[in-house]
Amino acid sequence: MDTITPANIIVDNISEMIGLFTDVAMGAGAAPLLILIGTLLVVFSMGVFGILTLGAVGDLFTSN
């Protein structure tokens with residue numbers, strides 16, 4: 001019996017998700033625009049909170 005590692009499951013799920021999102025993004029109407037705007041919102045918020053987190057971690061190791 002073959003064992004399935006969690007990494008294989010994650011890679012399979014990501015590849016399936018990309019296919020599903022591609023099908024939706026290539027749909028008619030405003031779907032491509034909505035996917036683009038959603039992606040930009042997620043990337044922007046991840047960047048802002050990532051910078052804030054790095055600043056907080058850096059503040060832990062600096063003296064006043």
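What percentage of the 64 residues of the protein chain count as buried?

1. Basis of the note. The model is predicted, so local features need pLDDT of at least 70 and side-chain atom pairs count only at pLDDT 80 or more, while totals for chains, interfaces and linings use all residues. Residues are numbered from 1 along each chain as its sequence is written, and side-chain values use heavy atoms, with hydrogens and water left out.

2. Burial and surface. Of the 64 residues, 3% count as buried; here buried means under 20% relative accessible area, exposed means over 50%, and partly exposed lies in between (1.4 Å probe, protein chains only). The protein chain exposes about 5800 Å², an area computed by the Shrake-Rupley method with a 1.4 Å probe, where for residues only the protein chains shown count as cover.

3. Overall form. The protein chain has a radius of gyration of 19 Å, whereas a compact globule of 64 residues would have one near 11 Å. This radius is taken over C-alpha atoms, and the globule rule is 2.2 Å times the number of residues to the power 0.38. Along the principal axes, the C-alpha atoms fill a box of roughly 55 × 45 × 5 Å.

4. Secondary structure. The protein chain contains two helices and zero strands. Helices (H or I, at least four residues) and strands (E, at least two) are DSSP runs, numbered from the N terminus. Helix α1 covers residues 6-25 and includes Ile 10; helix α2 covers residues 31-60 and includes Pro 32.

5. A nonpolar patch. Ile 10, Ile 14, Met 17, Ile 18, Leu 20 and Phe 21 make a nonpolar surface patch of about 590 Å². Patches are made of residues with over 30% relative accessible area and no salt bridge, with like charges joined within 9 Å and nonpolar side chains (Val, Leu, Ile, Met, Phe, Trp, Tyr) within 5 Å. A salt bridge is a side-chain nitrogen of Lys or Arg within 4 Å of a carboxyl oxygen of Asp or Glu.

6. Pro 32. This residue is partly exposed because its relative accessible area is 36%. Not counting residues up to four places away in sequence, Pro 32 touches Ala 25 and Gly 27, contact meaning heavy atoms within 4.5 Å.

7. Phe 49 is found in helix α2 and is exposed, since its relative accessible area is 56%. Its C-alpha atom is 25 Å from that of Met 17, 32 residues apart in sequence. Leu 52 also lies in helix α2 and is exposed at 52% relative accessible area; its C-alpha atom is separated by 29 Å from that of Ile 18.
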